[in-house]
Amino acid sequence: MLRLIEEHTLRTPDIKIIITGDLNTRDKRFGSNHSENHSYLDEFLVNMQIINNMNMPTRGDHVLDITLANDCAGTAGVSCEVLQHLRTEQSYQRHVRAPG
């Protein structure tokens, strides 16, 4: 997937790329109460910005659902917020908002 992102970015430098997912990782880069370090994320995090609010848990007390954006999307004002699902206290839904 990283190679696909790099190819698109080279061909179209102004393309906005946003990746969101349920990573289920407690990597310390995704939350102050996390202690793990997952090197498989290093390549993505070199090329993408974390646009989550790391102080806003996505499930329980943890940030397990992550949204990443490339520099073009990040500087365009793309933001991310966590919306609590109406059915249960522990369920959350991701919402990515683009300007305009």
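Predicted model: local features only at pLDDT ≥ 70, side-chain atom pairs only at ≥ 80, totals over all residues.
Here is a walk through the structure above, from its sheet to its cores and then to its charged pairs.

Residues are numbered from 1 along each chain as its sequence is written, and side-chain values use heavy atoms, with hydrogens and water left out.

Let us start with the sheet. Three elements named E1, E3 and E2 line up in that order as an open, antiparallel sheet of 3 strands. Helices (H or I, at least four residues) and strands (E, at least two) are DSSP runs, numbered from the N terminus, and two strands pair if DSSP finds at least two bridges between them. E1 and strand E2 (49–50) each have a single partner strand and stand at the edges, so one side of each has no neighbour in the sheet. Between E1 and strand E3 (residues 65–69), the antiparallel pairing runs over 5 bridges.

Next come the cores. In soluble globular proteins, nonpolar side chains tend to be buried together. A nonpolar core here is a set of buried Ala, Val, Leu, Ile, Met, Phe, Trp, Tyr and Cys residues joined through side-chain atoms within 4.5 Å; buried means under 20% relative accessible area, exposed over 50%, and partly exposed in between (1.4 Å probe, protein chains only). The largest such core has 9 residues, including Ile-5, Phe-30, Leu-41 and Met-48. Apart from that core lies another of 5 residues, with Ala-69, Ala-73, Val-78 and Cys-80 among them.

Now for the charged side chains. The whole structure holds 3 salt bridges, each a side-chain nitrogen of Lys or Arg within 4 Å of a carboxyl oxygen of Asp or Glu. One of them joins Glu-7 and Arg-11 at 4.0 Å, N to O. These two are 4 residues apart in helix H1 (residues 2–11), which means about one helical turn separates them. Glu-7 is partly exposed at 37% relative accessibility, while Arg-11 is exposed at 58%.

Arg-29 takes part in a salt bridge with Asp-27 (2.8 Å, N to O). Asp-42 also forms a salt bridge with Arg-29, the closest N and O atoms being 2.6 Å apart. Asp-42 lies in helix H2 and Arg-29 in the loop between E1 and H2, so this pair ties together parts 13 residues apart in sequence. Through shared partners, Asp-27, Arg-29 and Asp-42 form one network. Arg-29 is partly exposed at 30% relative accessible area, and Asp-42 is partly exposed at 32%.

A polar atom of the Asp-27 side chain lies 2.7 Å from the backbone nitrogen of His-38. Not counting residues up to four places away in sequence, Asp-27 touches His-34, Glu-36, Asn-37, His-38 and Leu-41. Ser-35 lies in the loop between E1 and H2 too, but is exposed at 66%.

Notes
Polar contact = N/O pair within 3.5 Å; in protein donor to acceptor, adjacent residues only side chain to side chain. Contact = heavy atoms within 4.5 Å.
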